Amino acid sequence: MRIVVIGAGAMGCTFGGKLRRAGEDVILIDKNHDHVTAINQRGLRLRDAGGEAVIAVPATIDFADAKPADLALVMVDSN
């Protein structure tokens, strides 16, 4: 399943990272270029009750990079 996570903040990264770790095809989209660059260069670091992991998940600032998706998670602030 192709999953696009729109908003790579705390919740978007948590859900996107866990889905990627479970084997899903995930891409993160965020407006913050520095944040996207850091995720692409160093991976996504997740820490939970099971420990800490660095997960390779692609991130972009351009919706065109996302390609068609089966599921889109919108994880943006409400304000």
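Is Glu52 buried, partly exposed or exposed? Glu52 is partly exposed, at a relative accessible area of 43% (buried is under 20%, exposed over 50% and partly exposed in between, with a 1.4 Å probe and protein chains only).

1. **What you are looking at.** This is a predicted model, in which local features need pLDDT of at least 70 and side-chain atom pairs count only at pLDDT 80 or more, while totals for chains, interfaces and linings use all residues. Residues are numbered from 1 along each chain as its sequence is written, and side-chain values use heavy atoms, with hydrogens and water left out.

2. **The partner of Glu52.** Glu52 forms a salt bridge with Arg45, their closest N and O atoms being 2.7 Å apart (a salt bridge puts a side-chain nitrogen of Lys or Arg within 4 Å of a carboxyl oxygen of Asp or Glu). Arg45 counts as exposed, at 55% relative accessibility.

3. **Other salt bridges.** The structure holds 5 salt bridges. One of them joins the side chains of Asp25 and Arg2 (3.0 Å, N to O). This pair links distant parts of the chain, with Asp25 in strand β2 and Arg2 in strand β1, 23 residues apart (strands are DSSP runs of E, at least two residues; helices are runs of H or I, at least four; both are numbered from the N terminus). Arg2 counts as buried at 15% relative accessibility, whereas Asp25 is partly exposed at 34%.

4. **The core.** The largest nonpolar core has 11 residues, including Ile3, Val5, Val26, Leu28 and Val57 (such a core is a set of buried Ala, Val, Leu, Ile, Met, Phe, Trp, Tyr and Cys residues joined through side-chain atoms within 4.5 Å). At least two residues of this core come from each of β1 (2-6), β2 (25-29) and α2 (33-42). Leaving aside neighbours within four places in sequence, Val26 is in contact with Ile3, Val5 and Val57, among others (contact means heavy atoms within 4.5 Å).

5. **A residue to look at.** Lys67 has a phi near 60 degrees, a positive value in a residue other than glycine. Most residues other than glycine have a negative phi. Lys67 is found in the loop between β5 (59-60) and β6 (71-74), and is exposed, with a relative accessible area of 62%.
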